[in-house]
Structure formats: structure tokens, C-alpha cells
Amino acid sequence: MHIAVVGAGPAGTWASILLARRGHFVTLIDPQAPWEKPCGGGVTAKALSQFGIFTSDLPRKNIDQITIYFGDTNSVTVTPQKPIAVLSRRELGKYLLDAAEIAGVSILKGRVNHIEPIARGWHLFSRDTSLQSDFLIGADGATSLVRRTVATALQPEELAVTLGYFIPGSGPAHMKVYFVPGFEGYIWSFPRPSHISYGLITRSEPGWTARAKTLLSNFIVADLGPDPLKHAEFYSAPVPCLGPHSWARNRISGERWALIGDAAGLVDPITGEGIHYAFKSAELLAQTIEKPDEYASQVGREIGRELARAARMYRRFYRGRFLGADFRKRTIQLSRRSRTLRSVLGDLILGNQSYLTLKKDLVFSIPSIGIDLITGRI
Ligand SMILES: Cc1cc2nc3c(=O)[nH]c(=O)nc-3n(C[C@H](O)[C@H](O)[C@H](O)COP(=O)(O)OP(=O)(O)OC[C@H]3O[C@@H](n4cnc5c(N)ncnc54)[C@H](O)[C@@H]3O)c2cc1C
């Protein structure tokens, strides 16, 4: 079968590699890959352990410590129990594209600007070329043209806003996540091999964007002083952030087409983690390409249930109260005094704790947390 894959991010390139290895004739189209996509580049243990590309010599920074802040006066530092790494998206893209070439994928440089259904397939057009395929894969990110053509675009309320800077230089292997009181979202500082990725993610009201930029600048100045910011390049990009009701109507496959990664809306709405789900959905599609309905149900079972639960927990995480204070503040304060709770909080932020089992895991941890608090075991 001839398969056209639109978008050479992690989802599109990984799907292309796996499909070409299965004997399909794959054309992968992207105007700019490999590129430094606006992204923190944080890769969690579940992605590092599941996908072969991460066992290569891909340059990455392995993180030793993560500090989680709530405002300026509450913080807790966690040592990751499982590996977590930060990498440059350009490097990841280059490794994936090299592997795609070896697998026999045909790579075209271009932006698809129009897609038409034809008998038994699709006709895709870019400025310089056009091609026909039997099957169409949309891996073209949060504002996917493929999604807009075959299904419904993600709506503004299904997208979070991100702002950020890449600051050249190297820092210690120490991640920072900073929650701002009264603000839905967080600021991050992720050290990479050759620069530091600073950014902010929010789903708050539109008026927040200017204030968010100031918050982020203040954080960077407090961390590094004012000079690095003067030469840093600013970016802003959307990332899917589906609410509880969006999951039921999120259509990701149909006759001769499927969506993967961000184009399918597969991002953790609380943390913004999407790289794992990009790889995972690519893998599920490669296994079920002849049965697109099967693909949608497998994504529902293996990804959708988890992310839909996260979407239901979003409000409580960012706006909930716990023991008379903001949920995040209280959790950070208690985590300073209980290594059990600290480990649950760290696993949650680092993507190692399933939202589906969070409640049960917390209930089972209560005796241990109680002992930590009573005995002062930290
Ligand atoms: C600021 C920011 C920080 C993030 N931080 C993290 C993080 O630390 N960890 C994490 O796991 N996730 C993070 N994410 C989410 C992560 O970046 C995405 O979930 C992930 O990149 C999704 O991969 P993808 O292949 O689906 O899409 P993308 O990586 O977005 O790739 C889409 C590709 O499609 C191409 N494209 C778009 N339109 C067309 C077209 N018309 N024709 C051809 N090609 C096209 C683009 O050029 C691009 O290369 C972050 C996102 C943002 C915005």
C-alpha cells in the first residue's frame, strides 16, 4: 500500500519507519524537519524504555534532580527513581529521519497545502509537487491540516498556549517546575546538552498571555540574571489540551485515514507531555494500518482512558483545595515531610504515575505517609 504521512515530527517519522519495515511504500512530507520545534524536550521513563530510538547514542541530558515550586516560598526537590532525559528536538528529528531513510521511506521537503479525496485514496498538493496515496496519515501537529480536512479541527478551548526561550549554554542536570499561585499551568526549566529550554504552558484566559510572558521573564532573570534573555529567541506555540468532554468526540480514524500524535490530540492535559504518546500512537497505527477502526479502539484503551482521566483531574490539580489550601501548595509542603508522598508527586510530574491508579496508589500510601509525618522520616 502507498501511504502518505504528513508531518515528520516523532509521530510521523516513527510511523513511517515502522510501516516501511512492514513492506509499505511510505512517503513522508515536511517543510522543515529536522528542526528545533518549540518543546521542552523532556522524555519520561515510559518513553525511554519503550522505543528503540532512545537506546541509540542520541545526545541527551539525564536528569539527577527535579525541584517543584509553588510560588517563591514552597518547594520540594525530588530525585527521580526512574530515568528522565531532556533532548534537543532537532537532534531527535535528525536521528529519526536517518532511520527512516535506512528503512526505505521516501522523504519530501514541502508543506502540504491541499488534500482531496479521490477514488480509493488521496491526492496531496504542496507548492512544488503533488502525490497520490492509498492511505493518509495526519502527523502534522496541533493545528493539523489533515485533521481539518478529514475531521474537525481542535477547538481553541482544546489547546493550551506555550511560550518559551532556548538559552544557549549548559547547566546542571537539574529540572525545575514552577507553579504560580492562581495560575493554570507551570513554568519549566529543562537543561539540554547545549542549551536550556525555558517555557510556560497555560490554558488560562487569553488576557493571561502578556502576564505569562512577564512571569516567565522574571523566572529566567531570577535564575540566570538579565543578560541571557537579551539575545534569546522567543517562541509561542499551541499544544493539545483536551477537556473531559472532548475525548468522546475525538475522531482519529476513518476510511483510508488516521491521525497520530498531536494531530490526534494525544497530549497529557496536566503536564503537556506528548512525545511518548506520539511514539505510542505511531506504533499502534503501524500494527493496525489495515483496520483503522481497530486503531481508534486501541488508542482509546491504551492512551485515551489515561488522558481522559487526566482531563477529569485537571481542575482539581490546578484549582482544587486540600487541607484548607491550594492542592499543589499543600502537596508540596507535605512532600517535604514525607518521602512516600514526595515519590508519588515526583512520579506524577515525571509521567511515571498512572492517573488511572493514582487514587488507589494514594490510598495504599496513606499508612506510609502517616508514619513519615509522625516519625519525621524524610
Ligand atoms: C513549548 C512546548 C513544550 C513541550 N514540552 C514537552 C516536553 O517536555 N515533553 C513532551 O513529552 N512533550 C512536550 N511537548 C509536546 C510535544 O512537543 C508534542 O506532543 C510532540 O512534538 C508531538 O509530536 P508530533 O509528531 O505529533 O507533532 P510535531 O512534533 O508537532 O510535528 C509535526 C510536524 O508536522 C509538520 N507539519 C505541520 N503542518 C504541515 C503540513 N501542512 N505539511 C507538512 N508538514 C507539516 C511540522 O513541520 C512538524 O515537523 C511540548 C509542546 C510544546 C509546544
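Domain bounds here come from an automatic or database domain assignment. In this predicted model, local features need pLDDT of at least 70 and side-chain atom pairs count only at pLDDT 80 or more, while totals for chains, interfaces and linings use all residues. Residues are numbered from 1 along each chain as its sequence is written.

The assignment divides the chain into domain 1 (2–59 + 89–155 + 243–312), domain 2 (157–240) and domain 3 (320–375). Between domain 1 and domain 2, the C-alpha centres are 26 Å apart. Contacts (C-beta atoms, placed from the backbone, within 7 Å) link 17 residues of domain 1 with 19 residues of domain 2. The side of domain 1 that touches domain 2 consists of five nonpolar, 10 polar and two charged residues; Ala, Val, Leu, Ile, Met, Phe, Trp, Tyr, Cys and Pro count as nonpolar, Asp, Glu, Lys and Arg as charged, and the others, Gly among them, as polar.

The ligand lies between domain 1 and domain 2, because both give residues to the shell around it. Of the 39 residues around the ligand (C-beta atom, placed from the backbone, within 6 Å), the nearest are Gly7, Gly9, Gly40, Gly261 and Gly274. The shell contains 18 nonpolar, 15 polar and six charged residues. At least two of its residues come from each of helix H1 (10–21), strand S2 (25–30), strand S13 (159–168), strand S17 (233–240) and helix H7 (275–288). Helices (H or I, at least four residues) and strands (E, at least two) are DSSP runs, numbered from the N terminus.

Three strands form an open sheet in the order S3-S7-S4, with antiparallel pairing, where pairing requires that DSSP finds at least two bridges between two strands. Strands S3 (42–43) and S4 (61–62) are at the edges with a single partner strand each, so one side of each has no neighbour in the sheet. S3 is joined to strand S7 (residues 85–86) by two bridges, and Val43 is opposite Ala85 in S7.

Definitions and conventions: Two residues are in contact if their C-beta atoms, placed from the backbone, lie within 7 Å.
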